[in-house]
Amino acid sequence: MIILAGTPLGNDDDASPRLRSVLASADVIAAEDTRRLLNLVGRLGVEIHAPVVAYHDHNEVQKAPDLIAAAKAGKTVVMVSDAGMPSVSDPGYRLAALAAQEGVELTVVPGPSAVLTALAISGLASDRFAFEGFVPRKEGERRQIFHQLRHDGRTLIFFESPRRLAETLVDMATEFGADRQAAVARELTKTFEEVQRGCLGELAQWAQQDVKGEISIVVEGDSQSAQSGTVGQDVIDDVRELVDLGVRLKDAAGYVAGRSGLRKNQVYQAVVALSAE
């Protein structure tokens with residue numbers, strides 16, 4: 001079988017007994033960074049007997065079939081990323097997809113997740129949320145993403161480099177509004193864990209200092225869209241932009257509705273009604 005196993009974000013005490021067990025009994029271990037994996041098992045006092053192979057973003061396409069073949073041959077293959085859950089902004093997705101496609105048994109050893117940890121510690125609404133991954137490096141792409149998400153009623157979670165944190169928060173304040181509530185979580189579960197909460201305008205000012213470490217940003221959803229359920233002109237304009245690019249109206253309405261926390265039919269009917277006028 002294939003086992004995707006979650007590893008600690010930074011505190012070794014978060015390693016589960018099951019993680020220790022599967023690492024010790026694995027026939028093959030695929031690790032995003034082999035040195036970090038060997039350091040981890042050393043600190044945990046886990047003795048591994050399996051060969052450890054590198055499995056990362058740059059070789060995942062080539063290596064996944066080899067791991068599937070090993071599983072088909074009767075071996076237990078454990079895949080771990082550097083920290084947290086594999087496949088969540090880390091390698092593992094292609095392996096899981098290929099295992100499902102090939103009928104290979106696939107299971108998960110649940111473990112720490114930076115996404116859920118950041119959401120929980122932010123103090124923001126957790127009933128509906130969306131993980132948007134790493135923020136684009138280029139300003140134009142970054143602003144475009146934030147512009148598309150500005151009316152999303154869900155709490156939004158992003159990863160960001162500390163080097164670009166300040167400019168990203170400025171762009172968020174511009175697109176989402178300086179008064180939108182947010183939280184910046186730094187070095188989660190580690191010795192110097194820190195969480196800054198406030199409106200985006202305040203956080204953009206705070207981030208002008210030298211901020212270091214691994215960063216997660218959690219942004220409050222558009223409460224007005226979520227509460228009123230109304231289709232604003234901005235939403236209609238976004239749908240029309242997609243239609244102008246050749247996207248079918250129903251597909252465009254569905255995409256924008258998902259980003260805005262609205263119902264697909266509600267957005268579709270609003271665009272049709274305005275067009276009829």
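Trainee: Which residues have the most contacts inside the largest nonpolar core?

Mentor: In this predicted model, they are Phe158, Leu165, Leu169, Met172 and Val219, and that core has 23 residues. Helix 7 (165–176) is one of the elements giving two or more residues to the core, and the largest share, six residues, comes from helix 7.

Trainee: What makes this set a nonpolar core?

Mentor: A core needs buried residues of kinds such as Leu, Phe, Met and Val, joined through side-chain atoms within 4.5 Å.

Trainee: Okay, and what does leucine 169 touch?

Mentor: Not counting residues up to four places away in sequence, leucine 169 touches Val184, Leu200, Leu203, Ala204, Ala207 and Ile217. There's also a second, separate core of 19 residues, including Ile29 and Val109.

Trainee: How do you know that strand 1 and strand 4 pair?

Mentor: Pairing takes at least two bridges. Four bridges join strand 1 (residues 2–5) to strand 4 (residues 77–80), so they pair, and they run parallel. Isoleucine 2, for instance, stands opposite valine 77 in strand 4.

Trainee: Where do those two sit in the sheet's strand order?

Mentor: The open sheet has five strands in the order 3-2-4-1-5, with parallel pairing.

Trainee: Why are strand 3 and strand 5 at the edges?

Mentor: Strand 3 (52–54) and strand 5 (106–109) each have a single partner strand, so one side of each is left without a neighbour in the sheet. On average, neighbouring strands of this sheet are turned by 25 degrees against each other, direction ignored.

Methods: Residues numbered from 1 in each chain as written. Predicted model: local features only at pLDDT ≥ 70, side-chain atom pairs only at ≥ 80, totals over all residues. Heavy atoms only, no water. Axes fitted to C-alpha atoms, helices over the stretch in contact; angles between N-to-C directions. Buried < 20%, exposed > 50% of the residue type's maximum accessible area, 1.4 Å probe, protein only. Contact = heavy atoms within 4.5 Å.
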